[in-house]
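Hi,

Here is the structure I promised to pass along.

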Amino acid sequence: MGPSLLQQATPEYLNQCRAAQAAEQQQSLASTNNWAHVDKPQAHADFDAFYKELAPLIDANDPASPAIQTLMARHYAIASRFYAPSRDAYVGTALFYEDNADMKAFHNGYHPRMVEFLGDAVYGYARGNLS
């Protein structure tokens, strides 16, 4: 298997995405009293259901495939309950899952390659659907 889609992006671009995610999240937290508008238990339950649906598909599917990309619209919609990330910030969210040890362990608890797969699936979705 070759490098993932995300690994083909330049380090400069990836750092731009990390910065966008941090800035947009911070601005959202500040303007919404730490996401007071979000039903967090429901969002976490919906993420859990999503990851349980995605996990068995990882080994047999390409993250850029239409089936996976259709599913990713749900992931983006759940994430957007907190704030609707720009293309770069959404990619940055996937990088955060990789960079943060607790987030990586949480996501990879569903499947050993969940973080890697999600990174590519998010990257594909962001490039195809967001600006």
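Which helices do the buried residues of H2 pack against? They pack against helix H1 (5–8), H5 and helix H7 (114–129). Before you go further, keep in mind that this is a predicted model.

A bit more on H2, then. Helix H2 has 21 residues and spans 30 Å from its first C-alpha to its last, close to the 30 Å expected at 1.5 Å a residue. Its buried residues are Tyr 13, Leu 14, Cys 17, Ala 20, Gln 21, Ser 28 and Leu 29. Looking down the axis of H2, you'll find these buried residues within an arc of 150°, so they line one face of the helix. On the face of H2 turned away from the buried side sit the exposed residues Pro 11, Glu 12, Gln 26, Gln 27 and Ala 30. After H2 comes Asn 33, with a positive phi near 50°.

Now for the largest pocket. It holds about 430 Å³ of space and is lined by 18 residues. Nearest its centre are Trp 35, Phe 47, Phe 82, Tyr 97 and Met 103. By class, the lining has 12 nonpolar, five polar and one charged residues. H2 turns up here too: helix H2 (11–31), helix H3 (40–54), helix H5 (87–99) and helix H6 (101–108) each supply at least two lining residues. H3 gives the most, with four.

Cheers

Terms used: Residues numbered from 1 in each chain as written. Predicted model: local features only at pLDDT ≥ 70, side-chain atom pairs only at ≥ 80, totals over all residues. Heavy atoms only, no water. 1 Å grid on protein atoms, 1.4 Å probe; cavity = no way out; pocket = protein on both sides within 12 Å on 5 of 7 lines; lining within 4 Å. Points joined across faces, edges and corners; volume = space filled by probe spheres on them. Nonpolar A, V, L, I, M, F, W, Y, C, P; charged D, E, K, R; others polar. Expected span 1.5 Å × (residues − 1). Buried < 20%, exposed > 50% of the residue type's maximum accessible area, 1.4 Å probe, protein only. Arc of directions from axis to C-beta. Contact = heavy atoms within 4.5 Å.
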